[in-house]
Amino acid sequence: MDSFFKQYAEAATTSLGFFWMALWAFVLGYAVSSMIQVFVTQERMKRTMGRADSKSVLLGTFFGFISSSCSFSALATTKSLFKKGAGFVPSMAFLLASTNLVIELGIIISIFLSWQFVVGEYVGGILLILISWLLIRLTKPSKLIKKARERLGQGDEHQMEETNWKKRIRSIQGWQQVSMKYFMEWKMVWKDVTVGFTLAGIIASFVPSSFFETLFIGSGGSEQAGSLSFLTLLEHVVVGPLAAFCTFIGSMGNIPLASLLYSNGVSFAGVMAFIFSDLVVFPVLRINAKYYGWKMSLYILFLLFTALIATSLLMHYGFLWLDILPQSQGKSAADQDHFKIDYTFFLNLAFLIISGIFAYLAFGKKNKAGHHHHEMADKGAVETVLKYLAIISYVWLAGGLIVKFFVL
């Protein structure tokens, strides 16, 4: 029993430590995302993404890069763009870029993993788009695209009034809108982040290395990552997404779990496949089915799953050829002292102050900006389950702290 309580306290402390390590990055990322959403309108996106040529795909990628990284938000925006006339290929480019080629995700990856994974995230994001484009050209899903457009009908989404961004950035109303968007971003991801970080702490403390060795063949061996056979790597890049498929955790909550996989010997390709899997999880499949129908949803799943497998393998062998493939040292963020006074402490303090300023602008009495419509991709069973899992996570974490300070 004492051993369980010790592991319990360690799990709760590790979860909170993970979040403390990443807090400033979340604030920075969502602040930047919120400013872009307010000061950059979508009208030009819709006008310039109507074809499947290289220019439209490039623009879709760019607009995705400057958009939110929340998977559910990206799904809703992609649907809106597609409904308003954007081509299917540019829409997919936007979706993949908005969930992979974003600043905050790269910062989180750099905190929990290494620079090679940051490079892998951004270069891999581009490869995902190019491979998906190639697969769409090969499979020619014109009938599915036509049916999806018919299902969506004519566009009637609320649009933010397009005004000069220079005027908006100089106005208090513009920054009040940024503040509202900032808290809307947190509202969309707090459940995923809570569950993801709590689960990461539990896995770090309770799950033995033998579990990962069984799940990912060859992950517990002494051989170097570069000497793994193709079939072993293929197993890693298939098992990673399959393991993520049944979770409810978004990309930001998955990074601590990816760190644990890496520290337990999972290959670079397998970890990258796991990170890229935020768009092939069950909630995303169900949301796309609500938007476009089940046939198109399953096609998108096939498209993205195939693309991420190919991308992960290409990244692994490319890094091996360049001799920059990272080698796991058997240590993860769970082994660090999370709460020491270092740069993380002062960055968190500074960005908490920034969050306080946003809170004042968003909820202060003088805020006349109001609440703007922000389409949530899913308000049904998935969100309900996530909500209750998040509440259970808070109870678990509180219990762990009580055990740590009052029982042990």
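## Exercises on a helical chain

F88 touches F82, I136, I145, R149, M296, Y299 and I300, leaving aside residues up to four places away in sequence; a contact here means heavy atoms within 4.5 Å. The model is a predicted one, where local features need pLDDT of at least 70, side-chain atom pairs count only at pLDDT 80 or more, and totals for chains, interfaces and linings use all residues. Residues are numbered from 1 along each chain as its sequence is written, and side-chain values use heavy atoms, with hydrogens and water left out.

**Exercise 1.** Work out which residues touch the most other members of the largest nonpolar core.

*Solution.* Start with the term: a nonpolar core is a set of buried Ala, Val, Leu, Ile, Met, Phe, Trp, Tyr and Cys residues joined through side-chain atoms within 4.5 Å. Buried means under 20% relative accessible area, exposed over 50%, and partly exposed in between (1.4 Å probe, protein chains only). The largest core has 97 residues, and F88 and F112 touch the most other members. There's also a second, separate core of six residues, with F63, L81, A86 and F94 among them.

**Exercise 2.** Check the span of helix α5 against its residue count.

*Solution.* Helices (H or I, at least four residues) and strands (E, at least two) are DSSP runs, numbered from the N terminus. The expected span is 1.5 Å times one less than the number of residues. As for cover, 13 of the 13 residues in α5 are buried.

**Exercise 3.** Locate K140 and D323, and decide whether each is buried or exposed.

*Solution.* Take K140 first: look in the loop between α7 (115-139) and α8 (142-152). Its phi is near 50 degrees, positive in a residue other than glycine. K140 counts as exposed because its relative accessibility is 65%. Now D323, in the loop between α16 (294-321) and α17 (343-363). D323 isn't a glycine either, yet has a positive phi of about 60 degrees. At 69% relative accessibility, D323 counts as exposed.
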